[in-house]
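Thanks for coming, everyone. I have one chain to walk you through today. Please look at the screen.

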Amino acid sequence: MKNLITIIAALTITFTSAFASSTPVVVFSSSIVEVVSIEALDFLTKADFDTETQNLSFTTTTNISVVQIFNSKGQMEFQLPVMTNDVQINKNLFEQGDYKLGFILEGQTEVHLAKVTIK
C-alpha cells in the first residue's frame, strides 16, 4: 500500500510539472538579437531591436519595477530599476552569447524570465 501511494504521488508530480512547463516561443528574432519567451509573458506587448540605436525595446501592459540581466551561468550581472512599461536596453551592455532577462512587475516579487541571445 505504501508503494502504491508513493507511485501515485510520483506520477502526480511528474504530470503536474510536465503540463506546467511551457514551450519556449520566439518573441523577436533578427540577425543580431533573438528574444525567446521561456515562460508565458502575457504582460509583454512588444519586443523589438532597433538597429539604428542598437536598443532592445520592450513594451508591457504593466509597469516593470526592475529588469535583471543574468549571464549564461545564471549569475546576475545587472539590476536596472526602470519603473515604466517601456524599457530600452542598449546592446553594448551585452557581449555575444546567451542571457536571461528577469522582469519584476510593479507590486510583485515574482521574476518573469525571457532568454536573449546576442549573435
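What pattern does the chain follow, read along the sequence? The answer is α-β-β-β-β-β-β-β. That gives 1 helix and 7 strands in the chain. Keep in mind that this is a predicted model.

Some overall numbers next. The chain has 119 residues, and 31% of them count as buried. Now take contacts between residues at least 6 apart in sequence. Of these, 44% join residues at least 24 apart.

Let's go inside. The largest nonpolar core holds 22 residues. Leu56, Phe58, Ile89, Phe94, Leu101 and Phe103 have the most contacts inside this core. Where does the core come from? At least two residues each are supplied by S2 (33-37), S3 (44-50), S4 (55-70), S5 (76-90), S6 (97-105) and S7 (111-118). Which strand gives the most? S4 does, with 5 residues.

Pick out Ile89 on the screen. Set aside its neighbours within four places in sequence. Ile89 then touches Gln54, Asn55, Leu56, Phe58, Val67, Ile69, Phe94 and Leu101.

Gln54 turns up again in a hairpin. That hairpin is made of S3 and S4, with 4 residues between the strands. Here Gln54 takes a positive phi near 60°. How do S3 and S4 run, parallel or antiparallel? They run antiparallel, and 6 bridges join them. One more detail: Asp50 has Asn55 in S4 as its bridge partner.

Last topic: aromatic rings. The count comes to 3 aromatic pairs. One of them is Phe43 with Phe103. Their centres are 6.0 Å apart, the planes sit at 70°, and the pair is edge-to-face. Phe43 is in the loop between S2 and S3, while Phe103 is in strand S6.

Now Phe58 and Phe103. Why is this pair called edge-to-face? The ring centres lie 5.3 Å apart and the planes meet at 70°, and over 60 degrees counts as edge-to-face. Phe58 sits in strand S4 and Phe103 in strand S6, so the pair ties together parts 45 residues apart in sequence. Phe58 is buried too, like Phe103.

Phe43, Phe58 and Phe103 form one aromatic cluster.

Definitions and conventions: Residues are numbered from 1 along each chain as its sequence is written. This is a predicted model: local features need pLDDT of at least 70, side-chain atom pairs count only at pLDDT 80 or more; totals for chains, interfaces and linings use all residues. Side-chain values use heavy atoms; hydrogens and water are left out. A nonpolar core is a set of buried Ala, Val, Leu, Ile, Met, Phe, Trp, Tyr and Cys residues joined through side-chain atoms within 4.5 Å. Buried means under 20% relative accessible area, exposed over 50%, partly exposed in between (1.4 Å probe, protein chains only). Contact means heavy atoms within 4.5 Å. Two strands pair if DSSP finds at least two bridges between them. Rings of Phe, Tyr and Trp (its six-membered ring) pair if their centres lie within 6.5 Å; planes under 30 degrees apart count as stacked, over 60 as edge-to-face and the rest as tilted.
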